[in-house]
Amino acid sequence: MAPLSASSSLPRQAWLIAGILLIASNLRGPVTGVAPVLDMIRTSLDLTAAQAGLLTTLPLLAFAAGAPVAALAARRHGLERTLMAALLTLVAGLCLRSSGSVWALFAGTVLIGGAIAFGNVLLPSLLKRDFPGRIASLTSAYALTMGVASGLASMIAVPLALWSAGPGWPLALFAPIVIAVASVLVWLPQLRAPAPATAPAGPIHARPRPVWKSALAWQITLFLGLNSLVYYIVSSWLPSMLHDAGYPPGSTGSVHGMLQIASAVVGLPLLALVRRARDQRWLAVGCSSLSIVALLGLLVAPSWAAAWAILYGCGGGASIILGLAFVSLRVSNAQQAAALSGMAQAVGYLLAAGGPTAIGAVHDLTGGWTVALLICLAFACAQAVFGLYAGRHRQLA
């Protein structure tokens, strides 16, 4: 499929953009919406602390494992059909996860994580192929949609669980099915799109170097990966931090949701800056600095945890948006975008998978959050350094 231009049908463009935004709305909420009701799940199913922690780790492992597979599947079956398969897998995973048994809870979580991995990898590639002149605006738009949907999932999880008779957590975990089914219906017309033409093979010396051998690819990957590592640590342990800071249980889900929404809203001002800046190094450092200040705030003034959570949402969310934009801006074609996205997601989520468990162990060992937050601060500072390199105006060879 050729890139969509001004001559393309406006209804077709609108339908495609609506599909992209709906897919994006599924990419975080089904995972982050678990944390506010995790204690209810543990009590209802008599899970150990290790089993409960696995509910946070499994999706990240699935993100890492599914990322390289997504690029291969898209190359063989096309972006449209691969994304539809991911959406159907997501629907199946949501149904299975909320059925009420322990085995289904974990099996459904794996399916959901694998489906989201495909969306994480393939949306930047789709934007590079069909909207090469609107990458910054559409990346911000889908990151905004992703964050708002995630925030709402966190905010409504506890009320839904309390409203439902019996163990209410299955309803809270099933709620994202509404958006998932809507996404399937809106994406259906894309299955009729013609397969993109295969670019003719050039001479061997003209072929691009594999992304795994590119220093720039590693700089982008580590910028995104370190941000994901700290983001999932904070997202997983924020309710406990809030509890230790004196917040009542009913407020933790709301603040958790505010962090998610803050991570999306920051994309609106960031969009204008990315559009104007050919070189994004100072943006990468600035976004990382917001996270650093928020982590310092949690360390030295935990009673203001809600404010720091919102500030961290701004910094972490801006870094996600900027990193996703790097994936599209630093490559020359959709295939390279899919390869870089797969690499960044695989390495990044592999890093993030062990973060919450390791930080939980540090907390248990030290009896507080000081050492854990200092470790997160070190990662955030390293992220800023890699941002200096990833933000340079250049492309992969």
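1. Basis. The model is predicted: local features need pLDDT of at least 70, side-chain atom pairs count only at pLDDT 80 or more, and totals for chains, interfaces and linings use all residues. Residues are numbered from 1 along each chain as its sequence is written, and side-chain values use heavy atoms, with hydrogens and water left out.

2. Overall. The protein has 17 helices and 0 strands (DSSP runs: H or I of at least four residues for helices, E of at least two for strands). Of its 397 residues, 55% are buried (under 20% relative accessible area, 1.4 Å probe, protein chains only). Among contacts (heavy atoms within 4.5 Å) with a separation of 6 or more, 84% join residues 24 or more positions apart.

3. Helix pair. Helix α10 (residues 215-244) packs on helix α17 (residues 370-390) at about 155°, with axes 8 Å apart. Axes are lines fitted to C-alpha atoms over the stretch in contact, and angles run from 0 to 180 degrees between N-to-C directions. The pair is therefore roughly antiparallel (over 145 degrees).

4. Contact residues. L216, F223 and M241 are among the α10 residues that meet α17. The α17 side includes L373, F379 and Y389.

5. H363. H363 sits in helix α16 (residues 355-366). H363 counts as buried because its relative accessibility is 18%. Its side chain makes a polar contact of 3.4 Å with that of D364 (N or O atoms within 3.5 Å, one able to donate a hydrogen and the other to accept it; residues adjacent in sequence count only if both atoms are side-chain atoms). Leaving out residues up to four places away in sequence, H363 touches D244, G368 and W369.

Note on methods:
Buried means under 20% relative accessible area, exposed over 50%, partly exposed in between (1.4 Å probe, protein chains only). Angles under 35 degrees count as roughly parallel, over 145 as roughly antiparallel, 65 to 115 as roughly perpendicular and the rest as oblique.
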